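Student: Please show me how to read a few features of a protein model, one at a time.

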Amino acid sequence: MSSTRRLRQNDHGVPHDLIEDILVKLPVKSLVRFKYVSQQWFRLITDPRFIDIHLSNQWEKGPGFVTASSSRSTRCGAGSRSYMFLGSMVVNRDTYTIPHSDIWLVSVPKDNRYGMLNSCDGILCFHGRFNIWLHNPATKEYRFLPSGPWTWCSCRPHLGWGFGRDLVTKRYKIVRLCNPCPSETGQDHQHHGHCVVFTLDSNPNACWKTIGEVPYKIDVFSQSVYVNGAIYWFTNEFYHLNQAEVIVMFDLHDEKFQAIPHPSSCSNKSRGLMQLGTLRECLCLAHEDVDSLLNIWIMDKQQQKITWEKLYCIEAFRNGQQLIGPRFAFAEHKGGTLLVCTGGVVYLFKPNNEISCLWRGDKYSRPTAFNESLVHVYGRTVTQFKRGVFARTESLVPIYKIYKDYDSIQKSAQYQGFK
């Protein structure tokens, strides 16, 4: 008897609430199959309320990361197509291990030069020269969007990006900032950038909406971060006239910009030594001090008053070796430990200053915190992408090793190709 028939028989007489309680705890890979068991299960698993509850359960399982490495660094481009490696991992809360790692080999246009933004609710957002690419690795759903116009500017502007969810409408939005190119004299104070927003829904003809001029000179090359319905950037320390304004927030529902206070100890720090992030569903600011220590501050917002508290102080260097590179992602573990994914390495920092290396991969990869979800991008299921290896051994295969053995992988039973 097939598993589908057994599930249908077991469904008779079983309370719907009990079925929901069981299904909501299962991994995405199982639910993608189970939604075809019956119409009742399909309606349940695709219901937005169920998807939100399932997403909350996924975050409770353990912190995870996704790393993206383009073919530019791994030298796997060929012909008119190139490839991007996506590696996902979830850290076990009890044993401080990464029991398995997903590796996806994704085919992309060779000349688009995609860069990865932050993930949001299991969706990865990549910006390219000609379009935006949204991808849910767990459900294999993807969607390409137009990158939007910049007809207001006579030259190709500097572009900044943000991706997050409007907590009121429950819709996901992509924000694009267009800064005019600096003039030859370098005096660009008089010119403001523009902002456009794309709201993700099922409408295939949806387009960008113009918000207007941005009242702050935002550093579009800094990494944006999404936290609780808002996207945050650093201001440009050279062109923004008000040096007291370091962080700018864009509310995804009101679609308005606002400067927010920052830790006083960071007032004289270079933006190049800072990075924004999120912990405990709050905005965090990480900055490196003169002692090569990385301080992580967490923002507390109560009754419109913002305060900052130093949450972690960890070593960025040890024994002359740089542990944390310029691009990193971090997540909390239990017992006051901190996970940092940087340069293809996942470190575990414990309160007693003990440092452990949990995983090594491609040193050129770019990380973001990530957990799987059932969230839809209103696109299509992967057909032209190729799935690499699903490694379930105790010793994890690094991403750079995957491509080195790509020819043999194609012939192995672990490999699945989508044509």
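**Reading strands and salt bridges**

Tutor: Start with a turn: strand 23 and strand 24 form a hairpin with two residues between the strands, and G343 there takes a positive phi near 55 degrees. This is a predicted model, in which local features need pLDDT of at least 70, side-chain atom pairs count only at pLDDT 80 or more, and totals for chains, interfaces and linings use all residues. Residues are numbered from 1 along each chain as its sequence is written, and side-chain values use heavy atoms, with hydrogens and water left out.

Student: What counts as a strand, and when do two strands pair?

Tutor: Strands (E, at least two residues) and helices (H or I, at least four) are DSSP runs, numbered from the N terminus. Two strands pair if DSSP finds at least two bridges between them. Here, strand 23 and strand 24 (residues 345–349) pair in the antiparallel sense over five bridges. Within that pairing, T342 stands opposite V345.

Student: What joins strand 22 to strand 23?

Tutor: Five bridges join strand 22 (residues 328–332) to strand 23, and the two run antiparallel. F328 has T342 as its bridge partner, and A331 has L339. The hairpin of these strands has five residues between them, with G335 at a positive phi near 70 degrees.

Student: In what order do the strands lie in the sheet?

Tutor: The order is 22-23-24-25, in an open sheet of four strands with antiparallel pairing. Strand 22 and strand 25 (355–360) are the edge strands, as each pairs on one side only. From one strand to the next, the twist averages 20 degrees. For such angles, axes are lines fitted to C-alpha atoms (for helices, over the stretch in contact), and the angle runs from 0 to 180 degrees between N-to-C directions.

Student: Which way do the side chains of strand 23 point, and are they buried or exposed?

Tutor: In a regular strand the side chains alternate between the two faces of the sheet. In strand 23, L338, V340 and T342 point one way while L339 and C341 point the other way, and all are buried. Buried means under 20% relative accessible area, exposed over 50%, and partly exposed in between (1.4 Å probe, protein chains only). Since five of the five residues of strand 23 (residues 338–342) are buried, the strand is largely enclosed by the rest of the structure.

Student: How many salt bridges does the structure hold?

Tutor: A salt bridge is a side-chain nitrogen of Lys or Arg within 4 Å of a carboxyl oxygen of Asp or Glu. The structure holds 10 of them. One of them is between R165 and D52, whose closest N and O atoms are 3.4 Å apart. R165 lies in strand 8 (residues 158–165) and D52 in helix 5 (residues 48–61), so this pair ties together parts that are 113 residues apart in sequence. R165 counts as buried at 12% relative accessibility, whereas D52 is partly exposed at 29%.

Student: How far apart are N and O in the salt bridge of K350 and E354?

Tutor: The distance is 4.0 Å, N to O. K350 is partly exposed, with a relative accessible area of 25%, and E354 is partly exposed too, with 36%. Within it, K173 and D166 meet at 3.5 Å, N to O. K173 is buried, with a relative accessible area of 6%, and D166 counts as buried at 1%.
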